[in-house]
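Let's take a friendly tour of a protein model, one topic at a time. Have a look at the sequence and the 3D view first, then read on.

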Amino acid sequence: MKKINIIGVLSALILVTGLIAPVSAYSLLFFNPSVVESNPGEQPAIDLIMEGCDAGISGYALYLVLDNPAVASFGEITFPSWVTLNKVEHINSTTVLIQGADPGKLVEPGVSISNLAKVSIHALTAGYATLRVEPVIIDDDRKGRYDPISKTASIVISGAGPSPIIPATR
């Protein structure tokens, strides 16, 4: 049997793991408030928040998806002051891609919670819709990536007739 060079194997493992972007610890994407009640014609706003961004945020790309375009649609999407480079791309009537970057490193490591965007919703007609966020990429300031858990928001639009029933949240 051949002797395995332990130092060589360990060196190779360290090199390979250094080439792969490390994934940051637990993080969560959620909307505040998680349940929005509105009337047709109103435009409530919801904050998209990231918790557990302890390694800072250098940039992100996220899909926002509304599952019932007959009830609600996207309005204006604005970014906090630390997101100095941003873009909003309407993919279709139910999906928007938002992108933001922090070249000024205003959200540095040590901040555990950060507002990523404010999403305005057009309340169209009585009914129920779900707003969800699907991360494409969220980079931290240490050349790593976040792999967050995502929560949805419930949109309830009141109108004539009985109030819609809110399904259990995910």
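Start with arginine 145: it counts as partly exposed because its relative accessibility is 35%. Its side chain meets that of aspartate 139 in a salt bridge, with N and O 2.6 Å apart. Keep in mind that you're looking at a predicted model. From here we'll go through the salt bridges, then one aspartate, the sheet, the core and a loop residue.

**Salt bridges**

- How many salt bridges does a search of the whole structure find? The count is 3.
- Arginine 132 and glutamate 134 make another salt bridge through their side chains, at 2.7 Å from N to O.
- Arginine 132 has a relative accessibility of 29%, so it counts as partly exposed.
- Glutamate 134 sits at 30%, which means it also counts as partly exposed.
- Aspartate 47 and lysine 118 form a salt bridge as well, and their closest N and O atoms are 2.9 Å apart.
- Lysine 118 counts as partly exposed because its relative accessibility is 37%.

**A closer look at aspartate 47**

- You'll find aspartate 47 in strand β3, which covers residues 45-51.
- Is aspartate 47 buried or exposed? Its relative accessibility is 17%, and the cut-off for buried is under 20%, so aspartate 47 counts as buried.
- Its side chain makes a polar contact of 2.9 Å with the side chain of lysine 118.
- The side chain of asparagine 115 also joins in, through a polar contact of 3.4 Å with aspartate 47.
- If you skip its neighbours within four places in sequence, aspartate 47 is in contact with Phe30, Phe31, Asn32, Asn115, Ala117 and Lys118.

**How the strands line up**

- Picture an open sheet of 5 strands with mixed pairing, in the order β5-β8-β3-β1-β10.
- Why do β5 and β10 (149-150) stand at the edges? Each has a single partner strand, so one side of each has no neighbour in the sheet.
- β3 and β8 run antiparallel to one another and pair over 7 bridges.
- Glutamate 51 stands opposite isoleucine 113 in β8.
- β1 and β3 are antiparallel as well, joined by 5 bridges.
- For phenylalanine 30, the bridge partner in β3 is isoleucine 49.
- β1 pairs with β10 in the parallel sense, over 2 bridges.
- Leucine 28 has isoleucine 149 in β10 as its bridge partner.
- β1 is largely enclosed by the rest of the structure, because 4 of its 5 residues are buried.

**The nonpolar core**

- In soluble globular proteins, nonpolar side chains tend to be buried together.
- Here, the largest nonpolar core has 36 residues, and those with the most contacts inside it are Tyr60, Leu64, Ile98, Leu131 and Ile155.
- Elements that give two or more residues to this core include β1 (28-32), β4 (59-66), β7 (95-101) and β11 (153-157).
- Which strand gives the largest share of this core? That's β8, with 5 residues.
- Zoom in on leucine 64: leaving aside neighbours within four places in sequence, its contacts include Phe31, Leu48, Phe74, Ile98, Val119 and Leu131.
- Arg132 is also one of the residues in contact with leucine 64.

**A loop residue: valine 83**

- Valine 83 lies in the loop between β5 and β6 (85-90).
- With a relative accessibility of 4%, valine 83 counts as buried.
- Not counting residues up to four places away in sequence, valine 83 touches Tyr60, Gly100, Ala101 and Leu116.
- Tyr60 is also among the residues with the most contacts inside the largest nonpolar core.
- Valine 83 and glycine 104 are 21 residues apart in sequence, and their C-alpha atoms are 8.7 Å apart in space.

Terms used
Residues numbered from 1 in each chain as written. Predicted model: local features only at pLDDT ≥ 70, side-chain atom pairs only at ≥ 80, totals over all residues. Heavy atoms only, no water. Buried < 20%, exposed > 50% of the residue type's maximum accessible area, 1.4 Å probe, protein only. Polar contact = N/O pair within 3.5 Å; in protein donor to acceptor, adjacent residues only side chain to side chain. Contact = heavy atoms within 4.5 Å. Core = buried A, V, L, I, M, F, W, Y, C linked by side-chain atoms within 4.5 Å. Salt bridge = Lys/Arg side-chain N within 4 Å of Asp/Glu carboxyl O. Pairing = 2+ DSSP bridges.
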